[in-house]
Amino acid sequence: KIPVIIDCDPGHDDALMLMLAFGNGLFDVKAVTISAGNQTQEKTLNNALKILTLIGAHVPVYRGAEKPMFRQLITADYVHGETGLDGPSLPKATLTAQPVTACEGIAEILTRATEKVTLVPTGPLTNIAIFLLAYPHLKNKIERISLMGGGIFRGNMTPLAEFNIFADPEAAAVVFSSGIPITMCGLDVTHKALVFQKDIDALRKIGNKSAAAAADLMDFFSIFYRKHRSELDGGAALHDPCAIAWLINPDIFRTKPCYVAVETKGELTRGTTVVDFYNVLEMEPNAEVAYDIQRDEYITMILNAVQNLP
Ligand code: BDR
Ligand code: CA
């Protein structure tokens with residue numbers, strides 16, 4: 001099994017990412033740590049606890065930072081609603097958060113780890129950056145960071161910046177300059193990782209309670225995409241599960257090693273991942289950047305995982 005720590009801000013697509021991670025059976029999930037992003041820390045923590053309760057995942061959950069390193073918190077309630085997970089009615093959480101923070105939790109786990117652990121962040125990178133700055137000697141315990149964030153040629157918060165990176169650009173800059181191998185699933189690939197109505201129907205047909213919640217989540221998530229992303233032809237960009245899917249089967253992706261830097265100061269470009277896709281700078285690549293995915297394989301992977309859940 002692949003040892004992983006997942007850092008997320010559920011969030012509809014984060015919830016599906018958790019279902020893929022726990023339903024697939026390939027991962028030894030050491031912890032789930034929580035970032036503030038799609039909603040406040042309070043809400044994303046509560047959402048994660050509810051989803052993990054629903055899918056029967058017994059895993060330590062750690063509360064993360066309440067706001068970005070240097071900026072005001074911005075949330076994405078325009079996509080994910082008032083709760084951050086609007087749509088389904090979810091069970092009350094029976095899991096509770098650990099008494100220490102995400103940063104301390106990651107440090108404890110990596111200190112004890114006998115093999116390297118992969119980090120999977122699917123929200124703003126605040127917790128990961130704080131951890132890297134606080135415990136630099138534990139870097140060598142990290143196998144890789146497979147993240148959802150950024151974009152090669154496009155943004156969704158601004159014309160060039162993607163939400164997770166825009167929300168905490170300084171944290172993203174710390175992560176991308178860390179020297180740790182990175183897989184970046186940005187908008188170029190996630191806007192090809194589309195979920196359509198027929199996929200939601202297939203989810204619902206699975207018939208277990210996780211599948212019913214997943215289908216309700218995707219129904220709500222699709223509203224934003226149908227209204228504001230008509231060029232996706234009715235599909236919704238199922239971003240976050242890509243970061244897990246790449247670890248399960250990288251062969252369904254097309255990726256390229258690139259040098260990536262994060263713009264923290266730009267007037268028009270705050271939070272842009274500046275990806276040297278054509279290697280014009282001739283710098284050493286620091287990330288494996290995904291730009292295409294076999295959509296049908298991706299959806300099948302998710303359906304199969306959800307089938308294994310309660
Ligand atoms: C990212 O932002 C969030 O709204 C999603 O959960 C995803 O992680 C997409 O830009
Ligand atoms: Ca997310």
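Which residues of α7 are buried?

## Basis of the model

This is a predicted model, in which local features need pLDDT of at least 70 and side-chain atom pairs count only at pLDDT 80 or more, while totals for chains, interfaces and linings use all residues. Residues are numbered from 1 along each chain as its sequence is written, and chains are lettered from A and ligands numbered from 1 in the order in which they are written.

## Helix α7

The buried residues of α7 are Pro169, Ala171, Ala172, Ala173, Val174, Val175 and Phe176. Helix α7 spans residues 169–176, and seven of its eight residues are buried (20 or more other C-beta atoms within 10 Å of the residue's own; exposed means 12 or fewer, partly exposed in between, with C-beta atoms placed from the backbone). Helices (H or I, at least four residues) and strands (E, at least two) are DSSP runs, numbered from the N terminus.

The cover over these buried residues includes α5 (126–134), β5, α6, β6, β10 (260–262) and β12. Contact here requires C-beta atoms, placed from the backbone, within 7 Å.

## The sheet

An open sheet of mixed pairing is formed by eight strands in the order β3-β2-β1-β4-β5-β6-β12-β9; two strands pair if DSSP finds at least two bridges between them. At the edges, β3 (61–62) and β9 (253–258) each pair on one side only. Strands β1 (residues 2–8) and β2 (residues 27–34) run parallel and are joined by seven bridges. Within this pair, Ile6 stands opposite Val32 in β2.

Helix α11 (residues 241–248) packs on the sheet, where it touches β1, β4 (117–121), β5 (142–148), β6 (182–185), β9 and β12 (287–293). The direction of α11 makes about 135° with that of β5 (axes are lines fitted to C-alpha atoms, for helices over the stretch in contact, and angles run from 0 to 180 degrees between N-to-C directions).

Of the 15 residues around ligand 1, Gly11, Asp13, Ala76, Phe163 and His239 come nearest (a residue is near if its C-beta atom, placed from the backbone, lies within 6 Å). Helices α1 (12–24) and α6 (163–167) each supply at least two residues of this shell.

Gly11 lies in the loop between β1 and α1, and the peptide bond from Pro10 to Gly11 is cis, with omega near -10°.

## Positive phi in one loop

Asn279 is in the loop between β11 (273–275) and β12 and has a positive phi of about 55° although it is not a glycine. Asn279 counts as exposed because it has 12 C-beta neighbours inside 10 Å. Glu282, in the loop between β11 and β12, has a positive phi of about 55° and is exposed, with 7 other C-beta atoms within 10 Å.

How values were computed. Two residues are in contact if their C-beta atoms, placed from the backbone, lie within 7 Å.
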